[in-house]
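Trainee: I have a structure open and some time to go through it. Can we take it piece by piece?

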Amino acid sequence: LTPPEKKIISDALALSIKDSASAQYRWPKISAAEAGRVNYCGMVNAKSPYPAYNGWQAYIVEANVTGGKVSSAVVGLIAGGKDIEIVRRMCRKYDLDPGQAG
């Protein structure tokens, strides 16, 4: 992912976390696509509105790819704590691993 693509994804995630400016990310590789929608999974270390989810959280976003680059993203699910496994299972359906840093 390029820095502008990472910003698109982090901006989408900012709606679901507190203090998004201090968030840390793990950026796994994204599936190669010239155009269309792709699922993307990753990890964010951030404060959550829900205390049980503070720390590393797994997320899945639906990214829109235009010209081989992420042009927009919408959060599908973000969860931490004991619910992180829900996101990991969802990601595995798409052969993605949110914890695999790229």
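Trainee: Which backbone oxygen does the side chain of Gln57 reach, and at what distance?

Mentor: The side chain of Gln57 reaches the backbone oxygen of Ala46, at 3.0 Å. A polar contact here is a pair of N or O atoms within 3.5 Å; within protein, one must be able to donate a hydrogen and the other to accept it, and residues adjacent in sequence count only if both atoms are side-chain atoms. Before going on: this is a predicted model, where local features need pLDDT of at least 70 and side-chain atom pairs count only at pLDDT 80 or more, while totals for chains, interfaces and linings use all residues. Residues are numbered from 1 along each chain as its sequence is written, and side-chain values use heavy atoms, with hydrogens and water left out.

Trainee: Where is Gln57, and is it buried or exposed?

Mentor: Gln57 lies in strand β3. Its relative accessibility is 1%, so Gln57 counts as buried. Buried means under 20% relative accessible area, exposed over 50%, and partly exposed in between, with a 1.4 Å probe and protein chains only. Helices (H or I, at least four residues) and strands (E, at least two) are DSSP runs, numbered from the N terminus.

Trainee: On to helix α1. Which of its residues are buried?

Mentor: Helix α1 covers residues 3-13, and its buried residues are Glu5, Ile9, Ser10, Ala12 and Leu13. They sit on the same side of α1, because they cover an arc of only 155° around the axis. That arc is taken from the directions from the helix axis to the C-beta atoms. On the other side of α1, Pro3 and Pro4 are exposed.

Trainee: What covers the buried residues of α1?

Mentor: The cover includes β1 (24-26), β2 (36-46), β3 (55-66) and β4 (69-80). Contact in this sense means heavy atoms within 4.5 Å.

Trainee: What does the side chain of Glu5 reach, then?

Mentor: The backbone nitrogen of Val70, at 2.7 Å. Leaving aside neighbours within four places in sequence, Glu5 is in contact with Gly68, Lys69 and Val70.

Trainee: How many salt bridges are there by that rule?

Mentor: The count comes to 3. Asp11 pairs with Lys7, the closest N and O atoms being 2.8 Å apart. Both lie in helix α1, 4 residues apart, about one turn of the helix. Arg37 and Glu62 meet at 3.8 Å, N to O. Arg37 lies in strand β2 and Glu62 in strand β3, so this pair ties together parts that are 25 residues apart in sequence. Glu85 and Arg92 meet at 2.5 Å, N to O.

Trainee: New topic. Which residues touch the most other members in the largest nonpolar core?

Mentor: Of its 14 residues, those are Ile9, Leu13, Ile17, Tyr25, Val44 and Tyr59. The elements giving two or more residues to this core are α1, β2, β3 and β4. Apart from it lies another core, of 9 residues, among them Met43, Ile60, Cys91 and Leu96. A nonpolar core is a set of buried Ala, Val, Leu, Ile, Met, Phe, Trp, Tyr and Cys residues joined through side-chain atoms within 4.5 Å.

Trainee: What is Tyr25 in contact with?

Mentor: Leaving aside neighbours within four places in sequence, Tyr25 is in contact with Ser10, Leu13, Ile17, Met43, Val44, Trp56 and Tyr59.

Trainee: Last one, the backbone. What is the phi of Asp19, and what is the phi of Asp95?

Mentor: Phi of Asp19 is near 50°, and phi of Asp95 is near 55°. Most residues other than glycine have a negative phi. Asp19 lies in the loop between α1 and β1 and is partly exposed, with a relative accessible area of 42%. Asp95 lies in the segment after α2 (84-92) and is exposed, at 75%.

Key:
A salt bridge is a side-chain nitrogen of Lys or Arg within 4 Å of a carboxyl oxygen of Asp or Glu.
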